[in-house]
Amino acid sequence: HIHSIATIDQGIEVLTGIKAGDRLPDGTFEPGSVNARVEARLKGFAEASRSFARSGEDQAGNGGADTP
């Protein structure tokens with residue numbers, strides 16, 4: 001099938017069958033939307049990265065650097 005779209009969000013909806021989701025006044029995306037899921041996943045990656053960095057600082061005792 002060929003679909004005419006004007007925005008990436010329209011393309012997401014055509015490809016997934018799930019609403020892409022608009023940003024709400026409070027800064028979040030519509031619950032259950034693709035954009036809300038993506039944002040949640042990215043926040044998870046960011047927290048995991050921060051946690052990993054903190055664990056390196058704790059183990060090395062020097063901010064995670066390899067040299068003293």
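Colleague: What should I know before I start?

Modeller: This is a predicted model, so local features need pLDDT of at least 70, side-chain atom pairs count only at pLDDT 80 or more, and totals for chains, interfaces and linings use all residues. Residues are numbered from 1 along each chain as its sequence is written, and side-chain values use heavy atoms, with hydrogens and water left out.

Colleague: How many helices and strands does the protein chain have?

Modeller: Begin with the rule. Helices (H or I, at least four residues) and strands (E, at least two) are DSSP runs, numbered from the N terminus. Here the protein chain has 2 helices and 0 strands. Helix α1 spans 8–16. Helix α2 covers residues 34–60.

Colleague: What share of the residues is buried?

Modeller: Buried means under 20% relative accessible area, exposed means over 50%, and partly exposed lies in between (1.4 Å probe, protein chains only). Of the 68 residues in this protein chain, 12% count as buried.

Colleague: Which residues make a nonpolar surface patch?

Modeller: Patches are made of residues with over 30% relative accessible area and no salt bridge; like charges are joined within 9 Å, nonpolar side chains (Val, Leu, Ile, Met, Phe, Trp, Tyr) within 5 Å. Val38, Leu42 and Phe45 make a nonpolar patch of about 300 Å². Phe45 lies in helix α2.

Colleague: How many salt bridges does a search of the whole structure find?

Modeller: A salt bridge is a side-chain nitrogen of Lys or Arg within 4 Å of a carboxyl oxygen of Asp or Glu. The search finds 4. One of them pairs Glu39 with Arg23, with the closest N and O atoms 3.6 Å apart. That pair links distant parts of the chain: Glu39 sits in helix α2 and Arg23 in the loop between α1 and α2, 16 residues apart. Arg23 is partly exposed, at 48% relative accessible area.

Colleague: Where are Glu47 and Arg50, and what separates them?

Modeller: Both are in helix α2; because they are 3 residues apart there, about one helical turn separates them. Shared partners join Glu47, Arg50 and Arg54 into one network. Each is partly exposed: Glu47 at 37%, Arg50 at 43% and Arg54 at 40%.

Colleague: Is Ser33 buried or exposed?

Modeller: Ser33 counts as buried, because its relative accessibility is 2%. Ser33 lies in the loop between α1 and α2. Now look at polar contacts. A polar contact is a pair of N or O atoms within 3.5 Å; within protein, one must be able to donate a hydrogen and the other to accept it, and residues adjacent in sequence count only if both atoms are side-chain atoms. A polar atom of the Ser33 side chain lies 3.2 Å from the backbone nitrogen of Ala36. Ser55 is partly exposed, at 29%.

Colleague: Which residues is Ser33 in contact with, leaving aside neighbours within four places in sequence?

Modeller: Contact means heavy atoms within 4.5 Å. With those neighbours set aside, Ser33 is in contact with Lys19, Ala20 and Gly21. Asn35, in helix α2, is buried at 15%. Leaving out residues up to four places away in sequence, Asn35 touches Asp9, Ala20, Gly21 and Phe29. Glu13, in helix α1, is in contact with Ile18, Lys19, Ala20 and Gly21, again leaving aside neighbours within four places. Glu13 is partly exposed, at 33%.

Colleague: How far apart in space are Glu13 and Ser33?

Modeller: They are 9.6 Å apart, C-alpha to C-alpha, and 20 residues apart in sequence. Ile8 and Ala20 are 12 residues apart along the chain, with C-alpha atoms separated by 8.9 Å. Ile8 is found in helix α1 and is exposed, at 67%.

Colleague: What share of contacts joins residues at least 24 apart?

Modeller: Among contacts in the protein chain between residues at least 6 apart in sequence, 2% do.

Technical notes
Areas by Shrake-Rupley, 256 points an atom, 1.4 Å probe, with all protein chains shown as cover.
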